[in-house]
Amino acid sequence: MNGLGEIASGGQDVHVTHLLPHPVIGGSFDSPVTPGVGWPDDPYVAGARPAMTPADVCEQAAGGLESIDAGVSVCRACPRLVTWREKVAVAKRAGFSDQPYWGRPVAGWGSEQPRVLIVGLAPAAHGGNRTGRIFTGDRSGDWLFASLHRVGLASLPTSDHAGDGQRLIDTRMVAAVRCAPPDNKPTTLERDTCAPWLNAEVALVVPYLKVVVALGSYAWDASIRSFRAANVEVPRPKPVFGHGASALLTAPGGREIVLLGSYHPSQQNTFTGRLTEAMLDDVLGRAARAGWPDTR
Ligand code: SF4
């Protein structure tokens, strides 16, 4: 059911379209958004086929970044997550009922030759799953982008919608799992099904990377698995996650990449004071300085 809502009428379902304008560019979009119809930064390219199985994901993750982003944007390999993301996109949340919802997987975003890679868990149901851009349109994104701007890694202090002019500076942002999961908890099978997308993306950006920031322990572990898959040496025993934790990874050829840990800027952490703005600025500032050691 793509772009259709259902209302009960006389015992029968009646399908009605809910085409709505994008908050920045206007127009008329269904929810979930049909690939390639003009959504800002839609990475879909004509001919990209939806991966339907884990084997499809492995096969399609073999291309370059553009091909990976396009493949991610139409992936359907996790039935539970496909159902959930599309159900949320149709139902929407009060306050966003006048907006179309992306309702598709959220691809990596930012520089294709990043010095800094930021890894999160998964898109939020009413954040990235609504806007189509990672950490965009929710409280976690508000915190993260404000801090990224303060330390010089984002051009604007806010990230509200795709197409809003926001730009990451020599930085790329990815999620370990590319679809919004119920309760923010992907299953192990879903995590492993999605991992080839992350692994492939990490392998492609390793030559440029100086720093990786893992937001939360889930992203920390996913990062370590993906860097090992990309033949980047990670110390053993496995470095332990914590806010401000760090480890030195060794890329092929001996170049060092710094892995930094930060508590995730979830409301659970920011509302309780477990993560403060100063704490987040400290970690992201270290990332910015490590990415540009000669100039900052
Ligand atoms: Fe595809 Fe990953 Fe979404 Fe699963 S979570 S459907 S593998 S993009």
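**Exercise 1. Pairing around β7**

Find the residue that stands opposite Leu117 in β7, and work out which strands flank β7.

Step 1. Look across from Leu117 and you land on Arg172 in β7. Before going on, keep in mind that this is a predicted model, where local features need pLDDT of at least 70, side-chain atom pairs count only at pLDDT 80 or more, and totals for chains, interfaces and linings use all residues. Residue numbers start from 1 along each chain, as its sequence is written.

Step 2. Next, the strands themselves. Strands (E, at least two residues) and helices (H or I, at least four) are DSSP runs, numbered from the N terminus. Two strands pair if DSSP finds at least two bridges between them. β6 (residues 116-120) and β7 (residues 171-175) run parallel and are joined by 5 bridges. Ile118 faces Met173 in that pair.

Step 3. Now the other partner. β5 pairs with β7 in the antiparallel sense, over 2 bridges, and Gly110 has Arg172 as its bridge partner in β7. A handy reminder: strands of a sheet pair through backbone hydrogen bonds, either parallel or antiparallel.

**Exercise 2. Is β7 open or enclosed?**

Decide how well the rest of the structure encloses β7.

Step 1. Get the rule straight. A residue is buried if 20 or more other C-beta atoms lie within 10 Å of its own, exposed if 12 or fewer, and partly exposed in between, with C-beta atoms placed from the backbone.

Step 2. Check each face. In a regular strand the side chains alternate between the two faces of the sheet. On one side of β7 sit Thr171, Met173 and Ala175, on the other Arg172 and Val174, and all are buried.

Step 3. Conclude. Since 5 of the 5 residues of β7 are buried, the strand is largely enclosed by the rest of the structure.

**Exercise 3. The ligand shell and α6**

Describe what surrounds the ligand, then find the helix that gives the largest share of the shell.

Step 1. The shell holds 16 residues (near means a C-beta atom, placed from the backbone, within 6 Å). Cys75, Cys78, Pro105, Cys179 and Cys194 are the closest. The elements giving two or more residues are α3 (79-91) and α6 (188-205).

Step 2. Sort by class: 12 residues are nonpolar, 1 is polar and 3 are charged. Here Ala, Val, Leu, Ile, Met, Phe, Trp, Tyr, Cys and Pro count as nonpolar, Asp, Glu, Lys and Arg as charged, and the others, Gly among them, as polar.

Step 3. The largest share, 4 residues, comes from α6. Cys194 lies in this helix and counts as buried, with 28 C-beta neighbours inside 10 Å.

Step 4. Compare α6 with α7 (residues 217-229): their axes come within 9 Å and cross at roughly 60°. Axes are lines fitted to C-alpha atoms, for helices over the stretch in contact, and angles run from 0 to 180 degrees between N-to-C directions. The two helices are therefore oblique to each other; under 35 degrees would be roughly parallel, over 145 roughly antiparallel, 65 to 115 roughly perpendicular, and the rest oblique.
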